[in-house]
Amino acid sequence: MNRLRRALLGALAALLAKPLASLAAWNESAFGAKTPQDALKGIGVANPAPSKEIVIDAPQIAENGAVVPIEITSNIPGTSSIAVVLEKNPFPLAAKFDFGEGALPYVKLNVKMAETADVRVVAAAGGRHYSATREIKVTIGGCGG
Amino acid sequence: MKLLSLLLLFPLFPVLAQPTPKDVEQVMQRDFHARGQAGMDRVVQDGLQRVCTEAHDQPPAELAKRLEADQMKTIAFPQGSLIGDWKSGERIAQNGRGMQWTDAPGAANGGSCYNCHQLSPKEISFGTIGPSLAGFGAKRGSGPDAQRYVYGKIYNAKAYNACSQMPRLGYSGTLTAQQIKDLVALLLDPGSPVNQ
Amino acid sequence: MNRAFAGVLLSLAFCASAAAQDVKKEIERYREMVSEGSPAELFELEGETLWKKAQGPQQVSLEKCDLGLGPGILKGAYAALPRYFKDADRVMDLETRLLHCMMTLQGRSREEATRRVFGNADRPSEMESLSAYVAAQSRGMKMVPGESHPKERAAYELGRALYFRRAGSWDFACTSCHGEEGKRIRLQELPMLIKPENARSVVASWPAYRISTSGFITMQWRMNNCYQQMRMPEPAFGSDATVALIHFITVTGKGEVYRGPGNKR
Amino acid sequence: MAGPMKIRATLAGGNTAGAAGTTEIRVLMSHPMTTAQSGQPLHFIQNVTVKLNGRAVIEAEVSQAVSRNPVFSFRLKGGAKGDRIEVAWLDNQGESNRIETAVA
């Protein structure tokens, strides 16, 4: 339903020269949550099952917390969404990707991390939730001047 | 005379006319300008800088010895214990600011130590231009001789190695006597993370 | 610092050399992953707009600017710089030549055109975006700076002399940091630029996107920022001293295929 | 300031026997992505939409934790040369931008 509503809104937005901010869906309560638990609750996730089928490819050490590359692939059949939670950030939910017909459950993005922390990825498939984590250490490079 | 023999040791390439030290200084006088606390006086070389430049940092041993003796005379050793506060020393070692045209002239300067040396094994972001100093005090002890050596080396590294790449942190007015004592503590104090 | 990190550090202390190897490998992987999606291309786009934009008292674009291969020829122009320009009777690097075109074609004053040559992430400078655009047009081409004119040879020798010249509050020369192979400041490796094998990758990747500041950095900025860190006074933008150093480094690393604009820490 | 975008969409894998490959999409966006902690006005992209031949296939909601000048890679099943790929974003201040390309 949400998908349909968004598709309709998207079509409407495309008709306008400039899409209106109020038309876009953005989950304020989930993105405004200050703990990983509240963030997951905000996107309707409770007790996700650990899964090795979610592959998080990221360097173990990030030279700069402002740009931390993360590549995510879900090998769980029927994956319809992937959420990225940065457990120690002030607002832990970083992104949520919904994949429609034709899209592969894969994304690569760069995020900001305040400090060394776990990155949690939650995938939704067939009405269930699965999760995996990976620790990334944040350090400083260069002259430090 | 010594300079002359130096020049003979490092002959100029015969094909191209290389600029003389004077030529290079003139270019710098023309192309650089003072900014913030970095005045144009810094473009002019002192004797030691001139010799090290000419010799590509490898002066003949005899000349090096004389330069080192000259530099040793610049070190003002304080009376009493040279061990300060290693916690303050760690902050000074981490701080890479000071003496740049972007730094406020009155502010306390850092020592930039981690830029070139490993000190506390807890810090993974350290440079390797200088030797690792992890465990320095544990290896050398913290008696008066070790204190004096470390204090002097930080105050004027050129007194120990004429063309060292390490700045003369006391002689140049970068660090105060108290700051250098704090760094001595960072290196020698048995409680310092450097010696864990 | 969290517990897990402290644990890792403890193990680092136990097996320092193996761990140092891992740190190096992981940092390399980090850089590789970041460089796969470099925003440098966004600066190229902005530079193209600026190249074609009518500016200055003459209200003309830079499209007739001669970067050495003839007016308006961009392809391969960066790969042949720095070089001697007869009309200016001096050796120029990319940025110095762009400034020359701004002054001669667009009628702008040096003061106005150099007021803000180094920008930031919020507002990149015109020079940075233009450098990204022009340099990108030499991708895949061999770097062959000018070496035949007497003034080109003189620039090389001056650059070399500056590279070794120690001065300032901290007695620094370029060699203080870039004088030995395999050294680093903090975690940043330092190329020994007097060795061709080290200079080549540098020459092939500048100018570049800088990850830590989200800005774009040029060779003139690099010279300026190094002298700042050397505790020296400031070299003038496009001066003979800066061009000579850039020429010396480029000649040392000549022959490498240009792969930039690259990514830096 | 929200500046230019850049996009690349290429066909990867697959074979001449007709097995489907993957369409790889990489998109760059100039955007400050300022955070609440930066002291500057909060300004960040909230929505990203990927369309294949006019139909939305990926919809993303993102936060201020995405790095400045965002870069995203996505993958689509199969695809053919000439397919139209469009990526659009919308930020919290109502600014937006879009870019389109054909799969190469």
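A: Two strands pair if DSSP finds at least two bridges between them; strands (E, at least two residues) and helices (H or I, at least four) are DSSP runs numbered from the N terminus. This is a predicted model, in which local features need pLDDT of at least 70 and side-chain atom pairs pLDDT 80 or more, while totals for chains, interfaces and linings use all residues. Residues are numbered from 1 along each chain as its sequence is written, chains are lettered from A and ligands numbered from 1 in the order written, and side-chain values use heavy atoms, without hydrogens and water.

Q: In which sense do β1(B) and strand β7 of chain C pair?

A: The pairing is antiparallel, over two bridges, with β7 covering residues 234-235 of chain C. His33(B) has Glu234(C) as its bridge partner there.

Q: How is the size of an interface given?

A: Often as the accessible area lost when the parts come together. Here the area (1.4 Å probe, summed over both parts) is about 4,400 Å² for chain B and chain C, 56% of it on carbon and sulfur atoms. Phe32(B), Trp101(B) and Ile124(B) supply 15% of what chain B buries against chain C, more than any other three residues.

Q: How many residues does each chain bring to the contact?

A: Contact means heavy atoms within 4.5 Å. Chain B brings 55 residues and chain C 41 residues.

Q: How many salt bridges cross the interface of chain B and chain C?

A: The rule asks for a side-chain nitrogen of Lys or Arg within 4 Å of a carboxyl oxygen of Asp or Glu. It finds seven, including Glu25(B) with Arg165(C), whose closest N and O atoms are 4.0 Å apart.

Technical notes. Buried area is the accessible area (1.4 Å probe) that two parts lose on being put together, summed over both.
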